[in-house]
Every structure is written in structure tokens, then in C-alpha cells.
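This briefing is meant to be read beside the sequence and the three-dimensional view. Please keep both at hand while working through the topics below.

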Amino acid sequence: MNILIASSEAVPFAKSGGLADVAGALPVELAKLGHETRLILPAYQNVQYCGLPIEDLDIDFIVPIGSKTVTGRLLESRLPCGDRSVPVTLIGQDHYYLRDELYSIDGK
């Protein structure tokens with residue numbers, strides 16, 4: 001089965017609570033059961049400190065949001081999973097995700 005897990009946070013990339021623990025562990029455990037899994041989450045500023053290599057895929061995208069369009073880029077990393085790994089797609093969009101805190105800016 002092909003399974004995509006979309007989350008706002010996942011260990012080791014970004015963590016504020018239990019969601020990150022589950023979203024980081026679940027795709028690995030499902031892959032161990034033989035499923036093709038992938039995790040997708042925002043490329044927050046702190047993902048660069050996750051301890052895993054992150055590669056810029058040189059893929060840009062445009063998303064219409066109301067009357068404007070927003071551009072972004074795709075990055076990729078991998079979660080170790082025994083003799084294989086689980087791909088992780090990171091959505092790079094500096095206006096929305098390049099900040100010190102996951103869900104706020106300056107505590108707001």
C-alpha cells in the first residue's frame with residue numbers, strides 16, 4: 001500500500017508535542033510492515049538542525065491562494081528504516097515557514 005503522511009511536525013525535523021513523535025515514527029513502522037510510505041511537512045527554519053541530510057530538489061511550485069499566487073520549493077530527506085529509508089518531502093516557503101517558532105512569530 002502507498003501511504004502519504006502529511007503533518008505539521010515530525011521528529012527529528014520539528015517538534016512541539018506528541019504529534020511530532022507519532023508522525024516521525026509511524027511512517028517508519030509502516031515501512032517495516034512492507035508499505036511504501038512518505039512523510040511531507042513544512043521546511044521550518046529549524047529543520048536544518050535535524051541531523052539528517054537535506055537535499056534541495058530544484059523543484060519550484062506555484063500555488064494559487066485567493067487572488068494571489070505563492071511560490072515554494074521542494075526539499076527531500078530520508079528517515080532511517082533498517083536496510084532502507086523513508087522519503088521525507090519538505091515544503092520550503094520562507095514567508096510561511098522561515099521562523100524561529102513552529103506555530104507563532106514572537107510568541108503570537
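A salt bridge is a side-chain nitrogen of Lys or Arg within 4 Å of a carboxyl oxygen of Asp or Glu. The model examined here is predicted, and 5 salt bridges are present in the structure.

**Confidence of the prediction**

- The mean pLDDT of the protein chain is 94, and 100% of the residues score at least 70.
- Among the elements of the chain, strand 1 (residues 2-6) has the highest mean pLDDT, at 98.
- The lowest mean pLDDT, 91, belongs to helix 2 (residues 94-97).

**Strand pairing and hairpins**

- Strand 3 pairs with strand 4 in the antiparallel sense, over 9 bridges.
- Within this pairing, Arg73 in strand 4 is the bridge partner of Asp60.
- The hairpin of strand 3 and strand 4 has 2 residues between the strands, and Gly66 in this hairpin takes a positive phi near 65°.
- Strand 4 is also joined to strand 5 (residues 84-92) by 9 bridges, and these two strands run antiparallel.
- Leu75 has Leu90 in strand 5 as its bridge partner.
- A hairpin is likewise formed by strand 4 and strand 5, with 2 residues between them. In its turn, Gly82 has a positive phi of about 60°.

- Which parts of the chain does the pair of Glu76 and Arg38 link? Glu76 belongs to strand 4 (residues 68-81) and Arg38 to strand 2 (residues 36-42), so that distant parts of the chain, 38 residues apart, are linked.
- Is Glu76 buried or exposed? Glu76 is buried, because its relative accessible area of 19% falls under the cut-off of 20%.
- Arg38, by contrast, counts as partly exposed, at 30% relative accessibility.
- Glu76 forms a salt bridge with Arg78 as well, the closest N and O atoms being 3.9 Å apart.
- Arg78 counts as partly exposed, at 38% relative accessibility.

**The salt bridge of Asp94 and Arg73**

- Asp94 and Arg73 form a salt bridge in which the closest N and O atoms are 3.6 Å apart.
- Because Asp94 lies in helix 2 and Arg73 in strand 4, the pair ties together parts that are 21 residues apart in sequence.
- Asp94 counts as partly exposed, at 42% relative accessibility.
- Arg73 is partly exposed, with a relative accessible area of 27%.

- Leu57 is located in strand 3 (residues 55-65).
- With a relative accessible area of 27%, Leu57 is partly exposed.
- Which residues does Leu57 touch, not counting those up to four places away in sequence? Leu57 touches Leu74, Leu75 and Glu76.
- Leu57 and Thr89 are 32 residues apart in sequence, and their C-alpha atoms are 9.5 Å apart in space.
- As a general point, side chains in a regular strand alternate between the two faces of the sheet.

Terms used
Residues are numbered from 1 along each chain as its sequence is written. This is a predicted model: local features need pLDDT of at least 70, side-chain atom pairs count only at pLDDT 80 or more; totals for chains, interfaces and linings use all residues. Side-chain values use heavy atoms; hydrogens and water are left out. Helices (H or I, at least four residues) and strands (E, at least two) are DSSP runs, numbered from the N terminus. Buried means under 20% relative accessible area, exposed over 50%, partly exposed in between (1.4 Å probe, protein chains only). Contact means heavy atoms within 4.5 Å. pLDDT is the predictor's confidence in each residue, from 0 to 100. Two strands pair if DSSP finds at least two bridges between them.
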